[in-house]
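Student: I am new to this structure and would like to go through it by question and answer. Can we begin once it is on view?

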Amino acid sequence: MKKLLSSLAFSALLLLTTACRSRDQNEGTIEITLSGWQSNPIESQLLEKVIDQFEAKYPNIKVKHEVINSQYMDVIKTRLIGDVAPDVFYLDAFEAPLLMKFEVLEPLNSYIKPEFNISDFEPTLINAFKRNEKIYGIPKDFSTLALFYDQTAFAKADIKQPPKTWNELIQYSKKLTRSEPDGKPNRYGFGITPELPRQQFIIQAFGGKLVDRNNYAAFATPESLKGLQLVIEQYRRDRSSAQPSDVGASSGDDMLGQGRVAMLLSGAWSIPYFKETFPNLKFATAEVPTINGRKGTMAYTVAYVMNRKSTHKEAAWKLIEYLTSEAVMKTSGNQGFALPSRRSVLAELQSDRTSLYAPLIAGAKYATTWQAGETLPTILTNFDNQFVSALIGQQSLKDAMQKAQDTANREIYLSN
Amino acid sequence: MLNKTLWNKRSTRETLSGYLFMTPAIVVLGIFLIIPVIFTIVLAFYRVQLLGEISFRFAGFKNFVRMGSDERVWIALQNTVEYVAIVVPIQTILAIVLALILNTQIKGKSWFRVAFFLPTVTSSAVLTLIFMWIYNTNGLLNSFLSFLRLPTYNWLGDPDVALKGIMLMNIWATAPLFMVIYLAALQDIPESLYEAASIDGATPWEKFWCITLPFLKPVTFFVIVMGIIGTFQLFDQSYIFSGGSGGPNNATLTIVLLIYQYAFKNLDMGYALALTLMLALVIMTVTLIQRSLFKEESFD
């Protein structure tokens, strides 16, 4: 009996010490990792500063900020498979359905407290990270597309107002295209990016749609082609638009900055970029011209998400909560690379900087969010490939889109 | 009898110690080469789900049947074969010519050797970026072409010429490596043979055709095999060129790029592994054909 008692006491002691030890560990600092990409060095510096403030507020949490710049999603997916993914990371709305479907993200519903005021976020942005009523990500910011135009070029061509409709845009493009003596244009009216993320709203302008209910590609309909045909015709028949590789530019922004095009559809990120890289460029923004009498534009959003296998979920949530809080969003919104996802912060910005950001903010009401089910990466690859071939005239738009749709759907079917 | 067991013992001991010495190499090769190869062969017959819940489902020959109807596989194969068929002969001939030139007594020989060899030691990613500047619509190549009043191209955006651009770059970058191998082989040809041929009244052309080329045959076999393997595995250049998409209009899509897309973009490991096996089979077949061709008129 004595023996039993002593052994019991001993094991109790043992338990106590281990319990103590584990509590010790909890009291020590824990480290969580935050991964994202960097679109601009200034943006990164700003985030570092916010993280410092966070660490000062929660002294027992250390944040390791890691920048993955190239092939971000490939790296994240591979790390998720290998169980070495960061605790908190950026996720583009376009890739969200796949990760939500495979349940590698932590649902955040139970963490969100009333004082976080989730209803303050733009509902369309939250919905992009929602599946079966579970919220998997808190939108960090967003941007829509607006028409950027070169005011000097407009003045020279004697155009007073930015185009309001797509027909006007096509007319103005012809006026703005300027050729050298040998007939080769050295400036085009309109710069295009022949990629699906920039074309989805054009597909929808005449009632077309990108995917059907089962997330199969469905863009080869006459309605969709009607919209896309506008882009193709302007490029092929009018020769008043150009893509970056035609004029030796690295991106659409680059085309406008170098004066190779006079108009361009782009997002909030371009405003600080132009100011910094092309200080002599006199540009203004306007809402995207209406197509078929309908307003339309794209919206791109990125959220902070939590890894389901994170070992420090409470700390990870504290970080997400802090980064998306109203106070922090106000400071980071000042840099102007994107628009804040909280409506209260956005409202302040609206009254502040009416001139350049207003068209982008106005677009948020009718924008199409760049997202369409987990099959979108496959659809994107096939669309881009065939759309370019139609653009350079290798095949008709109808054939190209039919081929893109068939190939995409076969791949989707076979991978299911 | 006693002698025999003793001998046996010694031989087993020797074998054992031999294997002991090889253990590090065997372990490294096993982990990084043999196990992955076995995994590839086995998993090519499965549907693999890695993200979230890991699952393996036996799929039989489904992955291989899928290849037949996958248009992109055929485009990639066609691009790759076209690439091999153009790049390998040109880079081999260029390597021989460069080696022959450098083997003669010209001034500044070692300077030329260094200059020719530089592209090979430069990282291919850096080379590709430099070439993308050269190929830019307003870049060096187009300025040069328009100066000569030749037609200019949109080298990066036009599907008809995009792959040719990569070919040009690769030939320029790889030929010097093979040139060095040829140079080494040229030094090995006995001078006496040329002297004897001169006495017999052979022209320089005859000497090249009857002495130099036959002596270079084993090296040429090596160069062509390595060239074919290297070109079949073209990845980094077309990846950087097209930003990973294989565009414009699949013009720069190669087999390895396609495997990468399926494995890491679509996370379709089983299918990607089946494609890998197919590529390995293609390379093996080509090498075997080549071996039999070279064997027929083996020099020694």
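Student: In this predicted model, how far apart are the end C-alpha atoms of helix α4 of chain B, and what should the helix span?
Tutor: Helix α4 of chain B covers residues 109–121, which is 13 residues.

Student: Does α4(B) lie largely buried or in the open?
Tutor: A residue counts as buried if 20 or more other C-beta atoms lie within 10 Å of its own. Of the 13 residues of α4(B), the number buried is 1, so the helix lies largely in the open.

Student: Into which domains is chain B divided, and how far apart are their C-alpha centres?
Tutor: Domain 1 of chain B takes in residues 2–62, and domain 2 takes in 66–296. The distance between their C-alpha centres is 33 Å.

Student: Which elements of domain 1 of chain B give two or more residues to the side that touches domain 2 of chain B?
Tutor: On the domain 1 side of chain B, 11 residues are in contact with 8 residues of domain 2 of chain B. The elements giving two or more residues to that side of domain 1 are α1 (2–43) and β1 (46–49) of chain B.

Student: How many residues of each class are on that side of domain 1 of chain B?
Tutor: The side of domain 1 of chain B that touches domain 2 of chain B is made up, by class, of 8 nonpolar, 1 polar and 2 charged residues.

How values were computed
Residues are numbered from 1 along each chain as its sequence is written. Chains are lettered from A and ligands numbered from 1 in the order in which they are written. This is a predicted model: local features need pLDDT of at least 70, side-chain atom pairs count only at pLDDT 80 or more; totals for chains, interfaces and linings use all residues. Helices (H or I, at least four residues) and strands (E, at least two) are DSSP runs, numbered from the N terminus. The expected span of a helix is 1.5 Å times one less than its number of residues. A residue is buried if 20 or more other C-beta atoms lie within 10 Å of its own, exposed if 12 or fewer, and partly exposed in between; C-beta atoms are placed from the backbone. Domain bounds come from an automatic or database domain assignment. Two residues are in contact if their C-beta atoms, placed from the backbone, lie within 7 Å. Ala, Val, Leu, Ile, Met, Phe, Trp, Tyr, Cys and Pro count as nonpolar, Asp, Glu, Lys and Arg as charged, and the others, Gly among them, as polar.
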